[in-house]
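Please examine the sequence and the structure shown below.

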Amino acid sequence: MTAKVSLRGLYKIFGPNDAAMVQHVKAGMDKATLLEKHRHVLGLRDINVDMQPGEITVIMGLSGSGKSTLIRHLNRLIDPSAGEILVDGQDVMKLGQAALRDLRQKQMSMVFQKFALLPHKTVLENAQLPLSVQGADKAKCDAEGRKWLARVGLEGFEDRYPAQLSGGMQQRVGIARALTANTDIMLMDEAFSALDPLIRTDMQNLLLELQKELHKTIVFITHDLDEALKLADHLVILKDGAVVQQGEPQGILLAPSDPYIEDFVSDINRARVLRVRSVMRPVNGAECDGEVEASKNLEDMIALTGGDTNLVYKVTDRDEVVGQLDMKDLVKALVPRVSGQ
Amino acid sequence: MAAYDGVFDGLGLRDWCDEGKEDAPMSMAQLLAQSGGGDAAAETNGLPFPSLDVLHEACGRIGQTRDLTAGIEQGFLSIRSELKFVLDPITQPLSWMLDGTLWVFQSAPWWVMIPVLLLITWFVSRSKSVTTFVALVLLFFGFIDHYEVAMQTLAIVFVCTGLSVLLGVPIGIGMSKSDTAQRTIVPILDLLQTLPTFVYLIPLIFLFSVTESKLYGIAIILYAIVPVIRLTDLGIRLVDKDVIEAANAFGLTAWQKLSRVELPLALPNIMAGVNQTIMMSLAMVVIASLVSAPGLGVLVLRGIRNLELGVGIVAGLGIVLLAVILDRVSKAALARVDTARKEH
């Protein structure tokens, strides 16, 4: 599978002479030294990420880790100091003004943390913005705008103004706007961070539901590990502008590569996040006490067994046996691995 | 002996100084010194500030202060014909517009003019109370026989404000897009705003004939254009950065960004600037009457010149009334723009 979006050796340094500073960073200078000696701020260091089509790639990191800087490189709201950004194999850095605008209109749409809706336009006008910018005729704009607003659950609110809606509803408009653009790639910059927890869960479910249907390539930025684990097909963890670990989220949870990530994942409710598929072993012919779906999470399993650790289950995926689950392994998996043990 | 002779002697400049001595005409100070000899002796005893005039006494080659002002005047006069050659055709349309609008406002009968003005008021303010108030004021002007002069003033304010907005908004947009432009233009705006209003008129009188209406037109526009430029610049710079980023992310062209995002969001600020521009052009109309601008200002001037207290005060209050209705109408328009975007 070829990647939809690839970042190759991406560096970003903030300051007047950033291109020259890349050499220092490549030679191994760290963020503090660069700031002290050369008065330049290191934004991103040697980022290599492949984002597969139809997957949700979540980029996670604490504030200041460079995640918002990173997502703005994909549509070149920020230009890198060095490196390549490939979209469908084409280097975005080589695009001229018009081609770049075309890319932003037709290939990538974006959802923002602070919604960034136009306050003087109605909800419908906001939702149809990407199409009207491209000069589509009014009837098409209208139909598409209404369709996607209805899809995100905002039917009947078309003629309101953004200020009249709650935060969650405003972000639904933001999502409808991104969907109206009908692009393959959707960039979501902390899209749910400004919402309160219950609405955030709603919006996450909405996104997963839409994704099941639309199979877009989504790049999602968050600082919330629970959210990251819930949404991610591919998880990238950033720290101080560099990738610390990336891969399948369950894999990262079970095998953190570095004390920073161990720290990070130690507070997670592992029983809810981990799935049977991640802790099962190959079938060895032992006697089984029943069958379970590979996609069940461990919490469900504990509830199913009533806490009995002597049971062994056959694991199935679409009616095919793929492995077996010993409840003892399950219990072990609940304890976070700590380095040195 | 003059106070600073020693300095020039010490520097070995005495010969250079004396070359053209005694040619210069006598200054007022010298004249006074001659007539009242005792005082002059007392002055030279101390250490006078080394001003141009004092240094001139010691060294004839150094000019006096009056040479500086004369130099400025000479300099201006020497480029006057070239300046006139360029500016005259450019500004000629202003004369036509002012004369044309004045003609329309004066020749249209009151029973046409007042309803038209009220319709405009209703159109921009959509407020019954404001429209009623404007109607009362206009009828009051008619009642005290000041209708014609009020219309003249109103015509001048309309033309000058219109042109200020037409020129000021694009300049403000340019300023908001470039920090260099902003750094260059802001001192000019400061100058225009602080220069005493009469000073505008002096060079203009040299350039154009006093009977031409563009003379006062230019003076009013120069003075009144400042707020609309400043507030357009400010308004566009204050547009939410997140919204601008979203506009970029969805691939809006520079023009689409300006027309769909920046200008609509800056509109309340721009309207506040227009309101200020109207007020300032009204303030300048009185001073412009010194150079033949018709209207209420002429009556104020007559009040001052002939000490006709009543005439001056009635005309002055008339200007206040005009200012109030223009302010109310433009504020109502501003409020309408402001609420159109928020809750209804």
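## Helices H11 and H12 of chain B

H11(B) and H12(B) pass each other in a right-handed crossing. This description applies to a predicted model. The axes of helix H11 (residues 197-207) of chain B and of H12(B) come within 10 Å of each other and cross at roughly 140°. An angle over 145 degrees would count as roughly antiparallel; H11(B) and H12(B) are therefore described as oblique to each other.

Which residues make this contact? From H11(B), the contributors are Thr197(B), Tyr200(B), Leu201(B) and Leu204(B). From H12(B), they are Leu215(B), Ile218(B), Ala219(B), Leu222(B) and Tyr223(B). By class, the contact of H11(B) with H12(B) has eight nonpolar residues, one polar residue and no charged residue.

## Other partners of helix H12

Helix H12 (residues 213-237) of chain B also packs against helix H9 (residues 147-177) of chain B, at an angle of about 40° and with the axes 7 Å apart. H9(B) and H12(B) are therefore oblique to each other, and H9(B) passes H12(B) in a right-handed crossing. The residues of this contact comprise 16 nonpolar, seven polar and two charged.

A further partner of H12(B) is H14(B): their axes lie 7 Å apart, and the packing angle is about 160°. Are H12(B) and H14(B) roughly parallel or roughly antiparallel to each other? Angles over 145 degrees count as roughly antiparallel, and H12(B) and H14(B) are therefore roughly antiparallel. H12(B) passes H14(B) in a right-handed crossing. Their contact divides into 19 nonpolar, seven polar and two charged residues.

The domain assignment of chain B gives domain 1, covering 5-77, and domain 2, covering 80-343. The C-alpha centres of domain 1 and domain 2 of chain B are 48 Å apart.

How many residues of chain B are in contact with chain A? In chain B, 17 residues are in contact with 21 residues of chain A. On the side of chain B that touches chain A, the elements giving two or more residues are helix H13 (241-249) and helix H14 (254-288) of chain B. The most is given by H13(B), with six residues. By class, this side of chain B has eight nonpolar, four polar and five charged residues.

## The antiparallel sheet of chain A

In chain A, an open sheet of four strands has the order E2-E1-E4-E5, with antiparallel pairing. Strand E2 (41-51) and strand E5 (90-91) of chain A stand at the edges, each with a single partner strand, so one side of each has no neighbour in the sheet.

E1(A) and E2(A) run antiparallel and are joined by seven bridges. In this pairing, Phe14(A) stands opposite Val41(A) in E2(A). Strand E1 (residues 5-14) of chain A also pairs in the antiparallel sense with strand E4 (residues 82-87) of chain A, over five bridges. Here Val5(A) stands opposite Val87(A) in E4(A).

## The mixed sheet of chain A

Another open sheet of chain A is formed by six strands in the order E6-E7-E8-E3-E9-E10, and its pairing is mixed. Its edge strands are strand E6 (108-111) and strand E10 (242-247) of chain A, each of which pairs on one side only. From one strand to the next, the twist averages 15°.

Within this order, E8 and E3 are written side by side. Strand E3 (residues 56-60) and strand E8 (residues 217-222) of chain A pair in the parallel sense over five bridges. Met60(A) stands opposite Thr222(A) in E8(A).

## A hairpin in chain A

Strand E12 (residues 312-317) and strand E13 (residues 320-326) of chain A pair in the antiparallel sense over six bridges. Asp317(A) has Glu320(A) in E13(A) as its bridge partner.

How many residues lie between E12(A) and E13(A) in the hairpin they form? There are two residues between them. In the turn, Arg318(A) has a positive phi of about 50°.

Notes:
Residues are numbered from 1 along each chain as its sequence is written. Chains are lettered from A and ligands numbered from 1 in the order in which they are written. This is a predicted model: local features need pLDDT of at least 70, side-chain atom pairs count only at pLDDT 80 or more; totals for chains, interfaces and linings use all residues. Axes are lines fitted to C-alpha atoms, for helices over the stretch in contact, and angles run from 0 to 180 degrees between N-to-C directions. Angles under 35 degrees count as roughly parallel, over 145 as roughly antiparallel, 65 to 115 as roughly perpendicular and the rest as oblique. A crossing is left-handed if the near helix is turned anticlockwise from the far one by less than a right angle, and right-handed if clockwise. Ala, Val, Leu, Ile, Met, Phe, Trp, Tyr, Cys and Pro count as nonpolar, Asp, Glu, Lys and Arg as charged, and the others, Gly among them, as polar. Two residues are in contact if their C-beta atoms, placed from the backbone, lie within 7 Å. Domain bounds come from an automatic or database domain assignment. Two strands pair if DSSP finds at least two bridges between them.
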